[in-house]
Amino acid sequence: MLIDNDYIASQLALLAKLMDIHGENSFKTRSYSVAAYTIEKLPTQLTDLPPEKITGIKGIGDAIGKKIRDMIDTGELKLLRQYLENTPPGIIEMLGIKGLGPKKIATIWKEMDIESIGELLYACQENRLLLYKGFGEKTQNNVQEAIEFYLRSQGSHLYADVETYALSIDTRLKENFRNERLALTGEFNRQLEVINQLEWITTISPDALKTFFEAGGFTTQPGEPTQLSFKGAENVLLLFHLSTGEDFENKLFQTSCSEAFLEAWKKGKGDPVKSASIPPFLRENPAMLDAAAAGT
């Protein structure tokens with residue numbers, strides 16, 4: 001990892017934003033923001049300076065200077081890690097959405113109880129942002145457009161936008177490979193708000209899948225030995241888990257669970273038989289394993 005001024009400044013700037021989101025003292029958050037701006041403009045790399053020179057730079061000071069030295073020595077800003085561990089990933093991701101600053105993100109998280117970009121987009125579509133201070137109609141429209149652009153650029157899509165596409169591919173595959181097994185799984189099967197990739201379990205051979213998709217203008221993507229991935233003009237990743245047939249149901253169950261749910265299931269939480277009866281869209285929260293075991 002290259003510890004240069006750009007890296008140090010970006011870490012301090014992110015820390016300032018997260019502190020702002022968490023409602024920390026504005027003087028503290030501003031001090032980190034000012035230090036980040038100062039470091040970006042420096043003509044000399046901080047790694048080339050002795051500690052006393054760093055703390056002597058206007059806008060840095062002793063406390064931040066010590067953190068910079070720690071970063072140079074360890075490659076990590078410990079205070080930033082603490083904030084990252086206490087902030088939902090979806091809230092951090094919102095910082096990449098144009099028009100959403102820390103104050104607005106704090107309102108979204110703390111007052112609207114929204115923790116993901118998908119949830120925020122649905123809130124925009126339902127005009128719920130208009131109920132909160134600082135969110136007018138124009139702001140809401142701008143946020144919605146920015147999220148939609150962001151998702152497209154990341155290759156992600158709303159469930160509603162990708163549903164027809166997923167079912168169309170599923171139908172075509174089943175028509176072409178009538179003697180093989182095929183089932184949608186993953187995020188789509190769990191009906192998540194945002195779909196990052198479409199997944200299937202299948203007994204179709206790798207060569208047959210490649211022939212089918214490459215004939216349709218899709219490109220094969222790099223992946224694991226037991227998987228095949230393709231991507232077409234729609235910029236949606238299609239991931240196929242290859243099955244021998246004997247492991248079909250087991251793979252289908254495991255790929256239709258969230259990581260937390262699957263981890264709890266692997267540790268023996270809940271009743272193995274009753275767990276299989278939990279529908280995929282409820283396999284997010286491990287607590288569902290207890291509910292199924294108790295028959296509730």
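## The largest nonpolar core

In this predicted model, the largest nonpolar core contains 48 residues. Ile8, Leu12, Ile68, Met94 and Leu120 are the members that touch the most other members. Two or more residues of this core come from each of the helices α1 (5–21), α2 (26–41), α4 (61–74), α5 (78–85), α6 (89–94), α7 (102–110), α8 (117–125) and α9 (137–153). Helix α1 gives the most, with nine residues. In soluble globular proteins, nonpolar side chains tend to be buried together.

Leaving aside neighbours within four places in sequence, Ile8 is in contact with Ile3, Ile39, Leu46, Ile68, Met71 and Ile72. Apart from this core lies another, of 25 residues, which includes Tyr165, Phe188, Leu198 and Phe212.

## The crossing of α2 and α4

Two packed helices are described by the angle between their axes and the distance between the axes. The axes of α2 and α4 come within 11 Å and cross at roughly 60°. The two helices are therefore oblique to each other. The crossing in which α2 passes α4 is right-handed. On the side of α2, the contact is made by Ser31, Tyr32, Ala35 and Ile39, and on the side of α4 by Ile64, Lys67 and Ile68.

Helix α7 has Pro102, Ile105, Ala106, Thr107, Ile108 and Trp109 as its buried residues. These residues pack against α1, α6 and α8.

In α8, the residues Ile117, Gly118, Leu120, Leu121, Ala123 and Cys124 are buried. Their cover includes the helices α6, α7 and α9, together with the strands β1 (157–158) and β3 (194–195). Just after α8, Asn127 takes a positive phi of about 60°.

Not counting residues up to four places away in sequence, Gln144 touches Leu121, Cys124 and Gln125.

## The five-stranded sheet

Five strands form an open sheet in the order β2-β4-β7-β6-β5, and the pairing is mixed. The strands β2 and β5 (219–221) stand at the edges, each with a single partner strand, so one side of each is left without a neighbour in the sheet. On average, neighbouring strands are turned by 30° against each other, direction ignored.

Both kinds of pairing can be followed along β4. Strand β4 (residues 197–202) is joined to β2 by four bridges, and these two strands run antiparallel. Within this pair, Ala183 stands opposite Ile201 of β4. Strand β7 (residues 237–242) pairs with β4 in the parallel sense, over six bridges. Here Thr202 has Leu242 of β7 as its bridge partner.

## Covering the sheet

Two helices pack on the sheet. Helix α12 (residues 206–215) touches β4, β5, β6 (227–231) and β7, and its direction makes about 0° with that of β6. Helix α13 (residues 248–255) touches β2, β4 and β7, and its direction makes about 15° with that of β2.

In a regular strand the side chains alternate between the two faces of the sheet. Which residues of β2 (residues 182–185) are buried on each side? Leu182 and Leu184 are buried on one side, and Ala183 and Thr185 on the other. Both faces of this strand are thus covered, although β2 is an edge strand of the sheet.

Conventions. Residues numbered from 1 in each chain as written. Predicted model: local features only at pLDDT ≥ 70, side-chain atom pairs only at ≥ 80, totals over all residues. Heavy atoms only, no water. Core = buried A, V, L, I, M, F, W, Y, C linked by side-chain atoms within 4.5 Å. Buried < 20%, exposed > 50% of the residue type's maximum accessible area, 1.4 Å probe, protein only. Contact = heavy atoms within 4.5 Å. Pairing = 2+ DSSP bridges. Axes fitted to C-alpha atoms, helices over the stretch in contact; angles between N-to-C directions. Parallel < 35°, antiparallel > 145°, perpendicular 65-115°, else oblique. Left-handed = near helix turned anticlockwise from the far one by under 90°.
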